[in-house]
Amino acid sequence: MSKRKPKEWHILEFPDTLYIKIKDKFRKKLFNQLYQKFGSKRKTAEYLNIDLRPLLNYERGFSIKNKVKYRQLIPLRLLKKVIEDKIQVDLEKNISAISVRAGLEVSNLKLPLKESPKLYSIIGHMIADGCKSKSHPPYYANSDKILRKKFTKKLLLFGKFRIKE
């Protein structure tokens, strides 16, 4: 009897509510390819159904408001419109972080995400002691400090991030 190959989840299978930080060199190359494909920056923005200003901010990787520079992550829902399967692996290699809109960044993301007992343990913990809303990052609460530490260690499966306790 042969073993079943573990399921893998690639970035384009993740929820649309995520935001992606792409390494500078790849991001610039990606946007140049999009501008060539659609003929101009304006036409690219129209295809994505966004204004030109946010598109330019995504291309630069930052926005400026009141003379303050803010990181500008790209909504995954927009990337899904333009990333073809054949370059998905290149995209995954060039993701420096992911985040929910108002949440902490996960850096050094390990993609594709692979099915494992550790992953299912994390899911079980979140079902039992966690919560998630549309506008906030997932939250885990447990009064047992040892269990929280074990859970935190398992989360390294995804990458590096700061934990708030």
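Lys81 is partly exposed, with a relative accessible area of 40% (partly exposed lies between buried, under 20% relative accessible area, and exposed, over 50%, with a 1.4 Å probe and protein chains only). This lysine is found in helix H4, where helices (H or I, at least four residues) and strands (E, at least two) are DSSP runs numbered from the N terminus. Leaving aside residues up to four places away in sequence, Lys81 touches Tyr47, Leu48 and Asn49, contact meaning heavy atoms within 4.5 Å. Lys81 and Leu12 are 69 residues apart in sequence, with 9.8 Å between their C-alpha atoms in space.

The model is predicted: local features need pLDDT of at least 70, side-chain atom pairs count only at pLDDT 80 or more, and totals for chains, interfaces and linings use all residues. Residues are numbered from 1 along each chain as its sequence is written, and side-chain values use heavy atoms, with hydrogens and water left out. For the protein chain the mean pLDDT (the predictor's confidence in each residue, from 0 to 100) is 90, and 97% of the residues reach 70 or more. Where pLDDT is low, the predicted coordinates should not be read in detail.

We turn next to the charged pairs. Side chains of opposite charge can pair when their charged atoms come close. Searching the whole structure finds nine salt bridges, each being a side-chain nitrogen of Lys or Arg within 4 Å of a carboxyl oxygen of Asp or Glu. One of them joins Asp16 to Lys80, with the closest N and O atoms 2.6 Å apart. Asp16 lies in the loop between S1 and strand S2 (18–22) and Lys80 in helix H4, so this pair ties together parts that are 64 residues apart in sequence. Asp16 is partly exposed at 41% relative accessible area, and Lys80 is partly exposed at 29%.

Another salt bridge is formed by Glu8 and Lys114, whose closest N and O atoms are 3.9 Å apart. This pair links distant parts of the chain, Glu8 in strand S1 (residues 8–9) and Lys114 in strand S8 (residues 113–114), 106 residues apart. Here Glu8 is partly exposed, with a relative accessible area of 26%, and Lys114 is partly exposed at 44%. Salt bridges also link Lys37, Glu84 and Lys86 in a network.

Helix H3 (residues 52–60) has Leu55, Leu56, Asn57, Tyr58 and Glu59 as its buried residues. Their cover includes helix H1 (24–38), helix H2 (41–48), strand S3 (62–65), strand S5 (74–75) and helix H4 (76–82). Glu59 forms a salt bridge with Lys41, the closest N and O atoms being 3.7 Å apart. Since Glu59 lies in helix H3 and Lys41 in helix H2, the pair ties together parts that are 18 residues apart in sequence. Glu59 counts as buried at 17% relative accessibility, whereas Lys41 is partly exposed at 37%. Just after H3, Gly61 takes a positive phi of about 90°.

Finally, a look at the surface. Tyr120, Ile123 and Ile127 form a nonpolar patch there, with about 320 Å² of accessible area together. Patches are made of residues with over 30% relative accessible area and no salt bridge, like charges being joined within 9 Å and nonpolar side chains (Val, Leu, Ile, Met, Phe, Trp, Tyr) within 5 Å; accessible areas come from the Shrake-Rupley method with a 1.4 Å probe, and for residues only the protein chains shown count as cover. Ile127 lies in helix H6 (residues 117–129) and is exposed, with a relative accessible area of 69%.
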